Every structure is written in structure tokens, then in C-alpha cells.
Amino acid sequence: MYKVNEIFHSLQGEGYNTGTASVFIRLSGCNLRCTFCDTRHNHGTIMSLPQIVDEVMKYPQAPLIVITGGEPTLQVDEALIQALHLTRKRIAIETNGTRPVPAGIDWLTLSPKQGFEGGDSQPCILTQCDELKVVYLGQDLAQYNHITATHRYLQPCYSDDDQARQQSIKDTVKAVLTHPEWRLSLQTHRILNIP
């Protein structure tokens with residue numbers, strides 16, 4: 001049994017897979033309390049493995065499953081991954097990197113939260129990923145040099161305050177211009193006003 005915040009069909013809005021039709025499985029719960037978190041990850045419905053697979057299969061056209069949270073590694077296990085592979089979709093996971101990831105994941109997005117208020121209560125233990133996606137708040141990017149990643153993305157920190165949001169975008173663009181090994185990731189789902 002798994003506590004699921006929501007399962008929905010949309011476009012991946014950020015990072016390498018931006019624009020890809022995806023089924024999102026947002027699992028409830030997180031082991032960090034980042035002050036900038038925009039997810040109500042404590043709410044959820046208890047679902048069995050067959051119920052989750054049935055819900056995912058309502059969207060047969062989507063080639064990608066994105067397991068996210070909160071922190072999905074609090075719940076995700078090999079049984080879930082094996083069952084989701086039977087759907088013949090690729091499986092991606094978005095994690096803060098504080099816990100091991102089960103085998104069978106096709107795409108690992110690591111988004112470490114160390115150095116942020118509420119985000120550094122537990123260290124990031126993962127050092128390899130397909131995609132390193134960092135919310136940029138002006139931190140020293142050298143702290144991520146030990147992480148091996150095929151792709152590196154900086155993402156502006158979203159704020160409901162327009163002035164703060166615009167400043168975050170400017171700061172992130174400047175950081176990418178200064179550190180060209182990183183690429184800019186925007187939350188395009190917010191721009192498009194889709195889930």
C-alpha cells in the first residue's frame with residue numbers, strides 16, 4: 001500500500017524531459033521541510049499497487065511516468081517499479097537524494113536541497129544521476145561538483161511575489177551565463193498554467 005497525493009496526466013514542465021507527455025505519480029510525505037516548497041505533500045489516499053497501475057493505464061498514450069513527491073524514496077520500492085515497467089512506459093524519479101533509489105529507474109533527476117532553510121536536515125547521499133536540477137537561490141555551485149550528472153540544470157526559485165520571481169529569474173540567468181556547464185530550466189507548466 002502506498003500513500004498517493006495524486007496521479008495525473010500532463011506535460012513534464014521542467015528539466016531534460018520538458019514537454020514530454022507524462023503520467024505523474026506524486027507520493028505523499030517528505031523528509032525535508034524546505035521553506036520554498038510548493039507541494040502539499042502530506043495529503044494523500046492509500047492505494048494498492050494494482051490501483052496505481054490501473055490509474056496509470058488510463059493514459060496509455062503517455063510514454064513517461066514521473067514519480068515525484070514530497071520525497072518519493074520514502075515509499076517507492078522495487079515492487080512498484082517492476083509493476084510500472086509492465087506498462088511499457090519509461091520510469092523517471094525526482095528525488096532530493098537523501099535516500100537510496102531502487103533498481104529499475106530509467107531516468108534519475110536529483111534535486112539536492114542542502115544549504116536551504118529546512119532543506120539541509122539530512123545530507124544528500126547520491127552522487128550520480130542523469131539530471132542534476134538545482135533550485136537556484138544564489139548558493140555556491142561548487143558544492144555540486146562531486147555529483148556526476150549527464151545534464152545540469154539551474155532553476156529559478158518560484159515565488160508568488162512578482163518582483164521576487166523576476167529577480168530570481170535574472171539571478172539564475174546570470175549564474176548560467178557565468179557557469180555554462182549548467183543550463184536553464186524553467187517551470188513551463190506554470191507559464192502554460194497546466195498541472
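Predicted model: local features only at pLDDT ≥ 70, side-chain atom pairs only at ≥ 80, totals over all residues.
For my tally of residue types I count Ala, Val, Leu, Ile, Met, Phe, Trp, Tyr, Cys and Pro as nonpolar, Asp, Glu, Lys and Arg as charged, and the others, Gly among them, as polar.

**Cavity**

I searched for cavities of 30 Å³ or more and got 1. Which strands supply at least two lining residues each? I found strand 4 (64-68), strand 5 (90-95), strand 6 (107-110) and strand 7 (128-136).

I traced the strand order of an open sheet of 9 strands and wrote down 3-1-2-4-5-6-7-8-9, with mixed pairing. Strand 3 (45-47) and strand 9 (183-184) sit at the edges; each has a single partner strand, so one side of each has no neighbour in the sheet. I then checked how strand 9 joins on: it pairs with strand 8 (residues 148-156) in the parallel sense, over 2 bridges. For Leu154, I found Leu184 of strand 9 as the bridge partner.

**Helix pair**

I looked at helix 1 (residues 49-56) against helix 2 (residues 78-85): their axes come within 10 Å and cross at roughly 35 degrees. The crossing is right-handed. On the helix 1 side I listed Leu49, Ile52, Val53 and Val56 as making the contact, and on the helix 2 side Ala79, Leu80, Ala83 and Leu84. What types are they? My tally for this contact reads 8 nonpolar, no polar and no charged.

How values were computed: Residues numbered from 1 in each chain as written. Heavy atoms only, no water. 1 Å grid on protein atoms, 1.4 Å probe; cavity = no way out; pocket = protein on both sides within 12 Å on 5 of 7 lines; lining within 4 Å. Points joined across faces, edges and corners; volume = space filled by probe spheres on them. Helix = DSSP H or I, 4+ residues; strand = E, 2+ residues; numbered from the N terminus. Axes fitted to C-alpha atoms, helices over the stretch in contact; angles between N-to-C directions. Left-handed = near helix turned anticlockwise from the far one by under 90°. Contact = heavy atoms within 4.5 Å. Pairing = 2+ DSSP bridges.
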